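Hello,

Here is the structure I promised to pass on to you. Please open it next to this email, and then read my notes below.

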Amino acid sequence: MDKKIREKIKVSKRIVIKVGTSTLSYSNGNLNFNLMNKLAWILADLRNQGREVILVTSGAIGVGSKSLNFEKRPTITREKQAAAAVGQAELMHIYKNFMGEYNQRVAQVLLTKDDFKEGERKTNTNNTLETLLTFGVIPIINANDTISTFEIEFSDNDRLSANVASLLKADLLIILTDIDALYDANPKTHPKAKRIPYVEKVTDEILAMGGEKGSEFSVGGMETKLLAAKECYNGGVIMAILDGSNPSFIEELINGKDIGTIFGNGK
């Protein structure tokens with residue numbers, strides 16, 4: 001790997017971190033409070049180091065589905081929207097409590113695809129996020145699933161996090177997931193699969209390595225993460241895929257440890 005990439009990661013000033021439903025939750029769909037507490041501690045510590053942090057979180061529909069006693073992620077759009085509305089409130093309450101334990105302020109920001117199109121909405125989105133960062137607040141971003149059916153049916157938060165990272169000209173996007181890296185085959189079904197530590201550019205061959213999605217409460221799979229990496233490359237943002245089961249891996253990556261998969265930034 002290019003040593004310049006490692007050095008850029010170490011000195012990253014503005015970092016976007018995305019955490020998925022399968023990482024936040026147990027296999028039964030209930031939230032993993034222990035993990036969320038550790039994540040809050042790591043994010044607050046990054047802020048104490050003088051870095052700017054943006055969290056893109058999934059999980060609202062999953063949390064809402066459990067609260068509404070759905071056995072699995074709903075398939076009817078209006079039920080997804082209802083689950084998102086219930087789950088978003090619960091999710092933010094939990095994040096606020098955990099972050100508050102480490103004296104860190106947070107703000108909720110719900111976005112749709114239209115907020116990234118050229119024009120007034122994109123400008124307003126950028127201005128709001130920049131102002132929050134100026135005041136030392138961690139924006140907690142999710143797709144506005146209660147309003148936009150497009151986001152529910154066709155989108156995912158991997159791509160959302162890449163949009164946010166590109167908009168804010170972030171130095172680094174870290175995607176926490178239930179697979180610790182990109183492999184040359186699915187490690188869940190191929191024990192001899194080899195980890196790919198560095199991808200300079202996402203080609204069609206790399207995209208073909210994308211597998212199926214994770215849990216029944218999640219949306220994205222490896223394919224969506226590779227598409228996010230491609231967008232980050234075009235936006236000049238370094239991206240990394242990490243095992244989300246231990247938030248401490250975030251600091252290990254920043255400190256230079258060879259873990260996960262790092263994607264080049266097109267610069």
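**What I found**

Let's start with Asn126, which sits in helix α6 (residues 120-134); helices here are DSSP runs of H or I with at least four residues, strands are E runs of at least two, and both are numbered from the N terminus. This is a predicted model, in which local features need pLDDT of at least 70 and side-chain atom pairs count only at pLDDT 80 or more, while totals for chains, interfaces and linings use all residues. Residues are numbered from 1 along each chain as its sequence is written, and side-chain values use heavy atoms, with hydrogens and water left out.

Not counting residues up to four places away in sequence, Asn126 touches Leu167 and Leu168, where contact means heavy atoms within 4.5 Å.

Next, the annotated residues. Under "binding site", an unreviewed UniProt entry lists Ser58, Asp145 and Asn157. UniProt positions are given in the numbering used here, feature names are shortened, and annotations may be inferred rather than shown by experiment. These residues are spread over 100 residues of sequence, yet they cluster in space, with a largest C-alpha distance of 11.0 Å.

Ser58 is found in the loop between β2 (52-57) and α4 (60-67). Is Ser58 buried or exposed? Its relative accessible area is 10%, so Ser58 is buried; the cut-offs are under 20% for buried, over 50% for exposed and in between for partly exposed (1.4 Å probe, protein chains only). Asn157 belongs to helix α8 (residues 157-167) and also counts as buried, because its relative accessibility is 9%. The side chains of Asn157 and Ser58 are joined by a polar contact of 3.1 Å. A polar contact is a pair of N or O atoms within 3.5 Å; within protein, one must be able to donate a hydrogen and the other to accept it, and residues adjacent in sequence count only if both atoms are side-chain atoms. Leaving out residues up to four places away in sequence, the contacts of Asn157 include Lys18 and Asn142, and those of Ser58 include Lys18 and Asn142 too.

In β2, six of six residues are buried. Glu52, Ile54 and Val56 point one way, and Val53, Leu55 and Thr57 the other way. In a regular strand the side chains alternate between the two faces of the sheet. Strand β1 (residues 14-19) runs parallel to β2 and is joined to β2 by six bridges; strands pair if DSSP finds at least two bridges between them. Val19 has Thr57 as its bridge partner in β2. On β2 there are also two bridges to strand β4 (residues 138-143), again parallel, with Leu55 opposite Ile140.

Which residues have the most contacts inside the largest nonpolar core? They are Ile141, Val164, Leu173, Met239 and Phe263, in a core of 41 residues. Such a core is a set of buried Ala, Val, Leu, Ile, Met, Phe, Trp, Tyr and Cys residues joined through side-chain atoms within 4.5 Å. A second, separate core has 36 residues, including Leu31 and Leu35.

Finally, visit Gly256 in the loop between α11 (249-254) and β8 (261-263). With a relative accessible area of 33%, Gly256 is partly exposed.

Enjoy exploring!
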